[in-house]
Amino acid sequence: MKHGLFAPVLLLAAMLSASGAHAADLMVVMKNFDYSPMEVTIAPGTTVTWKNLDGEPHTIASRDGLFRSPALDQNDTFQFKFDTPGVYKYVCSIHPKMMATITVTGK
Amino acid sequence: MTEPTNRRDTLKCLGVGAGTLFTLQGGVFSAFDLAEARQDMGTPLFLQISDTHIGFNKDANPDVVGTLNRTIDLVNAMPAQPGLVLHTGDVSHLSKASEFDTASQLLARLKVSELHVVPGEHDVTDGPGVEFFARFGKPSNNRGYYSFDSHGVHFIALVNVMNFKPNGLGGLGDEQMAWLKDDLAGRSASQPMVVFAHMPLWTIYQPWGWGTGEGDEIAALLRRFGSVTVLNGHIHQIVQKVEGNILFHTARSTAYPQPQAGSGPGPGPLVVPADQLPGMLGITAAMAEKRMLSLTDTTLS
C-alpha cells in the first residue's frame with residue numbers, strides 16, 4: 001500500500017513541477033531525512049500535502065512563520081494552501097538540516 | 001531471584017555485570033570492569049534517564065511504556081536510592097499533552113521524588129514547548145535552563161533544542177550563554193560540576209546535527225573546574241569522551257536504539273531483534289565520593 005502510493009505521488013509532483021500551470025494538489029514526502037521534491041514551483045491556489053514516510057517524526061515550519069505543522073509521525077500528513085505568489089522556504093523544526101522551498105508563481 | 005546478599009550481587013542482579021565503571025579523580029581518568037568495583041560505593045548521587053519517547057509505537061519498540069516501567073522498577077529496586085533523577089529530554093515523542101500525561105504518571109512511580117527535566121526537540125515541536133513547560137517549567141521560571149546545588153555538586157540544566165544552528169547543530173543562544181557565564185562566574189574551581197542537556201554538548205557527528213554550536217565555548221567555561229561531568233541524551237547510545245577534567249557522556253534511551261553515527265540514511269529508530277532490545281536500553285547512575293564522580297551504565301537486559 002505504501003509503495004503503491006509512493007510512486008504516483010512522486011510522478012504527480014514531477015509533473016506539477018514541470019508544468020506549474022494549474023492549481024492542483026501537490027504531494028511532498030519526507031523520506032530518509034529529506035523533503036522530496038526539495039524545490040517545486042506551483043500555481044497560486046495549490047494545496048500542498050506533506051506526508052512523512054520516515055519512522056522518525058518531522059515537521060514543516062516556514063522560515064517566515066506563515067505555516068507550521070505539528071510533529072508528523074510516520075504516514076501522518078499536513079496541508080497548506082498557497083494563494084499568494086512568492087518563495088516559501090521551510091525546514092523541519094526537529095531536523096533543521098532538512099530544508100526545502102516552494103515557489104508560487106504569479107498569475 | 002534470590003535476595004541479594006551484598007551490593008556487588010545486587011548490581012549483578014540488575015544486569016550490569018558487563019558494565020564499566022568510570023571514575024574521575026583529580027583529573028586522572030580510569031576505567032574498571034564493574035566486577036572489580038568496590039562494594040561500598042555508597043549511595044548514588046543521581047540517576048540519569050533519557051529519551052523515554054512516550055507516544056512512540058513503531059517496530060523499533062511497540063511498548064515504550066513497558067520499557068519505561070521496567071526502568072522505573074529497576075531504579076526503585078536499587079538498595080540505596082539516589083538523591084535525584086535527571087531526565088535529559090525527549091520525554092514525549094510528538095509533544096502531545098496525552099504523551100506528557102502518561103510520562104508524568106509513570107515517572108511519579110519513582111521512589112525518588114526530586115526530578116529535573118530538560119526538553120528534547122521532540123518535546124517542543126510546537127515551537128514554544130507549551131505542554132512541556134506547563135509540566136516541567138517551574139524550576140526554571142519557564143526558561144528551561146537553571147542551576148541548583150545538591151550534596152556539594154553544582155548542577156546546570158541547559159536547553160539546546162530551541163535555538164538550532166543553520167547547520168543542524170543544537171544551540172543555546174546568546175541569552176542562555178550569557179546566563180551560563182554569569183552562573184559560573186566566581187564559583188570555586190574545586191566544586192564538582194554536572195552539566196546536563198538533551199543534545200550532545202560536543203560535536204559527535206555534525207552531518208546528523210549531533211552536537212551544539214556553542215560547544216567549544218561551553219567547554220572553555222568549564223575547563224577551570226577540577227571535576228566536570230557533561231551528560232546528554234538524544235543519540236540513544238553511549239558515546240564518551242574525556243577532555244582534561246571534563247567527562248562527556250551520552251546516555252542510552254529507555255525507548256529504542258539509534259544507529260551509530262553515519263550508519264544509514266539518518267538518525268531514526270533502529271530496529272533490532274526483540275531479544276537484543278533490552279541490552280540497548282538503559283540508564284546511567286552517578287556515584288559521588290568526596291571529589292570523585294563515577295558513572296555506571298545499566299541496561300534493561
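In this predicted model, Met193(B) stands opposite Val228(B) in strand S9 of chain B, two strands counting as paired if DSSP finds at least two bridges between them. Residues are numbered from 1 along each chain as its sequence is written, while chains are lettered from A and ligands numbered from 1 in the order in which they are written. Because the model is predicted, local features need a pLDDT of at least 70 and side-chain atom pairs count only at pLDDT 80 or more, whereas totals for chains, interfaces and linings use all residues.

**Confidence**

- Chain B averages a pLDDT of 86, and 84% of its residues score at least 70, pLDDT being the predictor's confidence in each residue, from 0 to 100.
- Over residues 1-41 of chain B, pLDDT stays under 50, and the model has 56 contacts for this stretch beyond four places in sequence; two residues are in contact if their C-beta atoms, placed from the backbone, lie within 7 Å.
- Where pLDDT is low, the predicted coordinates should not be read in detail.
- For the complex, the predictor gives an ipTM of 0.76 and a pTM of 0.84.

**Where the chains meet**

- On the two sides of the interface, 17 residues of chain A are in contact with 17 residues of chain B.
- The residues on the side of chain A that touches chain B divide into six nonpolar, six polar and five charged, where Ala, Val, Leu, Ile, Met, Phe, Trp, Tyr, Cys and Pro count as nonpolar, Asp, Glu, Lys and Arg as charged, and the others, Gly among them, as polar.

**Chain B: overall make-up and strand S8**

- The secondary structure of chain B comes to six helices and 13 strands, helices (H or I, at least four residues) and strands (E, at least two) being DSSP runs numbered from the N terminus.
- Buried residues make up 48% of the 301 residues in chain B; a residue is buried if 20 or more other C-beta atoms lie within 10 Å of its own, exposed if 12 or fewer, and partly exposed in between, with C-beta atoms placed from the backbone.
- Strand S7(B), residues 153-157, pairs with S8(B) in the parallel sense over four bridges, and in S8(B) the bridge partner of His154(B) is Met193(B).
- S8(B) also pairs in the parallel sense, over four bridges, with S9(B), residues 228-232.
- A right-handed β-α-β unit is made by S7(B), helix H5(B) (residues 174-184) and S8(B), and another right-handed unit of this kind by S8(B), helix H6(B) (residues 215-222) and S9(B); right-handed here means that, with the strands pointing away from the viewer, the path from the first strand over the helix to the second runs clockwise.

**Nonpolar cores**

- The largest nonpolar core has 61 residues, of which Leu158(B), Val195(B), Phe196(B), Val228(B) and Val230(B) touch the most other members; such a core is a set of buried Ala, Val, Leu, Ile, Met, Phe, Trp, Tyr and Cys residues joined through C-beta atoms within 7 Å.
- Helix H2(B) gives the largest share of this core, five residues.
- Apart from this core lies another, of 25 residues, among them Leu26(A), Ala71(A), Phe78(A) and Ile102(A).
- Leaving aside residues up to four places away in sequence, Leu158(B) touches Val118(B), Tyr145(B), Leu172(B), Gln176(B), Val195(B) and Ala197(B).

- S3(A) and strand S8(A), residues 99-104, run parallel and are joined by four bridges, with Ile102(A) in S8(A) as the bridge partner of Val40(A).
- Lys81(A) has its place in strand S6(A), residues 77-82, and counts as exposed because 12 other C-beta atoms lie within 10 Å.
- Lys81(A) and Gly45(A), 36 residues apart in sequence, are 6.2 Å apart in space, C-alpha to C-alpha.

**Backbone exceptions**

- Most residues other than glycine have a negative phi, and most peptide bonds are trans.
- Asp51(B), in the loop between strand S3 (44-49) and helix H2 (64-76) of chain B, has a positive phi of about 50 degrees although it is not a glycine, and Asp51(B) counts as buried because it has 29 C-beta neighbours inside 10 Å.
- Asp90(B), in the loop between strand S4 (84-87) and helix H3 (97-107) of chain B, has a positive phi of about 55 degrees, and Asp90(B) is buried, with 28 other C-beta atoms within 10 Å.
- A cis peptide bond, with omega about 0 degrees, joins Ser36(A) and Pro37(A), and Pro37(A) is found in the loop between strand S2 (34-36) and strand S3 (39-42) of chain A.
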